[in-house]
Amino acid sequence: FLGAMSVGAVTDREVTRALLAASRSGLASSSVHRFRDSLSSFFAWAVRERMIVANPVLASRVPKSSAPRTEMFPFSEAELERLYARAVERDQRLADILLVDAWTGLRWSELRAIRVRDFVQVPMPVLVVQRAEPEGVRRKSTKSGRSRRVPVADCVLPIVRGLAGEREPDAPLFVTASGHRLHATAFKRTLAWSTVAEGRRIHDLRHTAAC
């Protein structure tokens with residue numbers, strides 16, 4: 001019923017009705033939360049495009065859930081370019097990596113786990129995501145338990161090719177300029193993330209790619 005309405009006609013009441021219908025349909029709570037996040041991202045985009053004044057999803061809540069939710073806060077392309085320019089002033093390699101992340105949508109743990117051999121260029125450039133390496137936890141499978149192929153956009157393809165170079169196939173693809181593994185704390189400290197990212201989290205780079 002939301003699809004039959006104009007964007008400007010949707011209020012928090014209609015969103016709440018949609019969430020209630022989703023909950024009653026038997027979907028898992030996590031699925032309903034993802035549904036709400038997707039709606040929020042769409043209406044956030046509509047706000048940026050000046051189709052509407054406010055995001056109607058922000059005032060809604062998933063029924064029977066008291067868990068705090070963090071809103072998706074993707075970068076627009078202009079905001080991403082601004083972030084990249086600021087990051088380059090601090091560390092070119094880490095700036096390149098954040099740009100690749102924003103165009104591929106890899107989770108941070110997946111980014112750390114990508115190997116040079118996972119960058120496949122024939123028949124088209126892709127990153128083969130087969131594993132995750134959360135910090136402080138040993139290697140494990142991806143969140144879905146399945147591998148997937150993520151296209152490498154033309155705008156970041158030269159960066160990925162440069163990172164792969166002639167390095168050993170089993171070497172981590174995304175490392176610091178000194179060759180060290182990525183760590184979120186050091187990444188954010190080096191780039192002054194709290195200052196340059198305009199309130200976003202690293203995970204919002206994944207949301208940026210999705211949007």
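Start at V120: its bridge partner in β2 is V126. Strands here are DSSP E runs of at least two residues, helices are H or I runs of at least four, and both are numbered from the N terminus. Two bridges join β1 to β2, and the two run antiparallel. That meets the pairing rule, which asks for at least two DSSP bridges between two strands.

Before going on, the ground rules. This is a predicted model: local features need pLDDT of at least 70, side-chain atom pairs count only at pLDDT 80 or more, and totals for chains, interfaces and linings use all residues. Residues are numbered from 1 along each chain as its sequence is written, and side-chain values use heavy atoms, with hydrogens and water left out.

Back to the sheet. It is open, with three strands in the order β1-β2-β3 and antiparallel pairing. β1 (119–120) and β3 (148–151) are the edge strands; each has a single partner strand, so one side of each has no neighbour in the sheet.

Next, the loop between β2 and β3. R138 sits there. R138 is exposed, at 75% relative accessible area. The cut-offs: buried is under 20%, exposed is over 50%, partly exposed is in between, with a 1.4 Å probe and protein chains only. From R138 to L157 is 19 residues in sequence and 29 Å in space, C-alpha to C-alpha.

L157 takes us to α6. Its buried residues are L157, I159, V160, L163 and A164. They lie on the same side of α6, because they cover an arc of only 160 degrees around the axis. That arc is taken over the directions from the helix axis to the C-beta atoms. What do the buried residues of α6 pack against? They pack against α4, β1 and β2. Contact here means heavy atoms within 4.5 Å. On the face turned away from the buried side, α6 carries the exposed residues P158 and G162. After α6 comes G165, with a positive phi near 45 degrees.

Now the cores. A nonpolar core is a set of buried Ala, Val, Leu, Ile, Met, Phe, Trp, Tyr and Cys residues joined through side-chain atoms within 4.5 Å. The largest has 40 residues, and L98, L127, L173, F174 and L205 touch the most other members. Elements giving two or more residues to this core include α3 (77–88), α4 (92–104), β2 (126–129) and α6 (157–164). α4 gives the most, with seven residues. Take L98. Leaving out residues up to four places away in sequence, L98 touches L80, L83, A87, F187, L191, W193 and L205. Apart from this core lies another, of 13 residues, among them V15, A18, V32 and L39.

On to D204, in helix α9 (residues 203–210). Buried or exposed is D204? D204 is buried, at 1% relative accessible area. A polar atom of its side chain lies 3.0 Å from the backbone nitrogen of F73. Beyond neighbours within four places in sequence, D204 is in contact with E71, M72, F73, P74 and F75.

Last, the cysteines. A search of the whole structure finds zero disulfides, a disulfide being a pair of cysteine sulfur atoms within 2.5 Å. For C155, the nearest cysteine sulfur is that of C211, 16 Å away. That is too far for a bond. C155 counts as partly exposed, at 44% relative accessibility. C211 counts as exposed, at 56%.

Methods
Polar contact = N/O pair within 3.5 Å; in protein donor to acceptor, adjacent residues only side chain to side chain.
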